[in-house]
Amino acid sequence: MSTLVTVTEAEAYTLITMDDGKANAQSFDMLKQINEALDGAEQTGKVVILSGRPGKFSAGFDLSIMGQGGDAMIDLLRQGANLSRRLLNWDKPVILAVSGHALAMGALLLLSADYRMGSQGDFKLGLNEVAIGMTLPHFGVELARARLSKRHFNNAVGLAKIYDPSSAVEAGYLDEVVDADQLQASAIALAEQLAGLDMEAHKNSKARVRSDLNAALDEALEKELGV
């Protein structure tokens with residue numbers, strides 16, 4: 001298996017970087033390596049930064065697998081949903097350094113993190129499933145309902161509206177946008193700041209904030225995947 005994910009440890013944070021040399025598709029191998037990196041981060045107990053390669057955060061699920069249908073597609077959906085929930089309920093703050101395009105499952109990862117810092121540039125962010133002949137999974141609908149602006153929800157989900165980084169802040173995909181050459185440094189500075197939080201209070205408060213979403217995700221996953 002080729003290396004798709006690298007991990008950089010620092011005193012205050014764990015930086016996990018996706019780079020498959022292409023679009024950072026969420027394949028079985030990519031998801032496995034992200035989860036292995038998160039296993040390590042769980043042991044060190046630091047703030048997590050998840051980033052992509054320059055110009056590409058993630059183009060979503062591996063379409064060669066999604067196009068097969070059947071068990072392979074269902075398994076990939078399940079693993080993607082599990083990653084979203086893992087990030088959503090992580091005990092420590094999770095920062096996404098959104099280094100470029102973020103589409104489909106890539107955009108759902110944006111809806112699963114605590115803070116999303118985007119890179120300025122000619123990038124596309126959004127849930128493009130309807131435009132490519134796919135129905136957004138139930139868990140994706142619930143993430144979008146909870147995390148996107150109500151004003152943008154219907155257009156984002158039902159009409160596959162795609163946003164540039166600046167408009168993605170208004171829609172709710174991102175929290176801020178910085179210059180591309182400052183993205184990593186800015187994400188690291190934020191991680192160092194957030195490392196000063198009382199992590200028990202952070203964990204407990206986040207659990208309360210997301211309790212309704214977690215209940216909705218339980219129902220969505222049962223509906224979609226029978227889990």
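Reader: Is Ala-104 buried or exposed in this model, and what is its relative accessible area?

Author: In this predicted model, Ala-104 lies in the loop between β6 and α4 (105-110). Its phi is positive, about 55 degrees, although Ala-104 is not a glycine. Buried means under 20% relative accessible area. Ala-104 therefore counts as buried, with a relative accessible area of 10%.

Reader: What distance does α1 reach from its first C-alpha to its last?

Author: Helix α1 has 17 residues. At 1.5 Å a residue, the expected value is 24 Å. The model comes close to this, with a reach of 25 Å.

Reader: Around the axis of α1, how many degrees of arc do its buried residues cover?

Author: The buried residues of α1 are Met-30, Leu-31, Gln-33, Ile-34, Ala-37, Leu-38 and Ala-41. They lie on the same side of α1 because their arc around the axis is only 165 degrees.
The buried residues of α1 pack against β1 (5-9), β2 (13-18), β3 (47-51) and α3 (70-88). The arc asked for is 165 degrees.

Reader: Which strands stand at the edges of the open sheet of 3 strands?

Author: The strand order is β4-β6-β8, and the pairing is parallel. Between β6 and β8 there are 2 bridges, and Leu-103 stands opposite Gly-126 in β8. Two strands each have a single partner, so one side of each is left without a neighbour in the sheet. These edge strands are β4 (55-58) and β8 (125-126).

Reader: The side chain of Ser-99 reaches the backbone oxygen of which residue at 3.3 Å?

Author: Ser-99 is found in the loop between β5 (94-98) and β6 (100-103), and it counts as buried because its relative accessibility is 8%. Its contacts beyond four places in sequence include Ser-51, Pro-54, Lys-56, Phe-123 and Leu-183. A polar atom of the Ser-99 side chain lies 2.9 Å from the backbone oxygen of Arg-53. At 3.3 Å, the side chain reaches the backbone oxygen of Gly-52.

Reader: Which residues does Ala-180 touch, not counting those up to four places away in sequence?

Author: Ala-180 is placed in the loop between β9 (176-178) and α8 (183-194). With a relative accessibility of 47%, Ala-180 counts as partly exposed. The C-alpha atoms of Ala-180 and Val-209 are separated by 31 Å, the two residues being 29 apart along the chain. The residues touched by Ala-180 are Ser-119 and Gln-120.

Reader: How many residues belong to the largest nonpolar core?

Author: Within this core, Phe-57, Leu-96, Leu-110, Phe-139 and Tyr-173 touch the most other members. Leaving aside neighbours within four places in sequence, Leu-110 is in contact with residues including Phe-57, Leu-96, Val-98 and Tyr-173. A second, separate core of 16 residues includes Leu-15, Val-47, Ile-49 and Met-117. The number of residues in the largest core is 56.

Methods: Residues are numbered from 1 along each chain as its sequence is written. This is a predicted model: local features need pLDDT of at least 70, side-chain atom pairs count only at pLDDT 80 or more; totals for chains, interfaces and linings use all residues. Side-chain values use heavy atoms; hydrogens and water are left out. A nonpolar core is a set of buried Ala, Val, Leu, Ile, Met, Phe, Trp, Tyr and Cys residues joined through side-chain atoms within 4.5 Å. Buried means under 20% relative accessible area, exposed over 50%, partly exposed in between (1.4 Å probe, protein chains only). Contact means heavy atoms within 4.5 Å. Helices (H or I, at least four residues) and strands (E, at least two) are DSSP runs, numbered from the N terminus. The expected span of a helix is 1.5 Å times one less than its number of residues. The arc is that of the directions from the helix axis to the C-beta atoms. A polar contact is a pair of N or O atoms within 3.5 Å; within protein, one must be able to donate a hydrogen and the other to accept it, and residues adjacent in sequence count only if both atoms are side-chain atoms. Two strands pair if DSSP finds at least two bridges between them.
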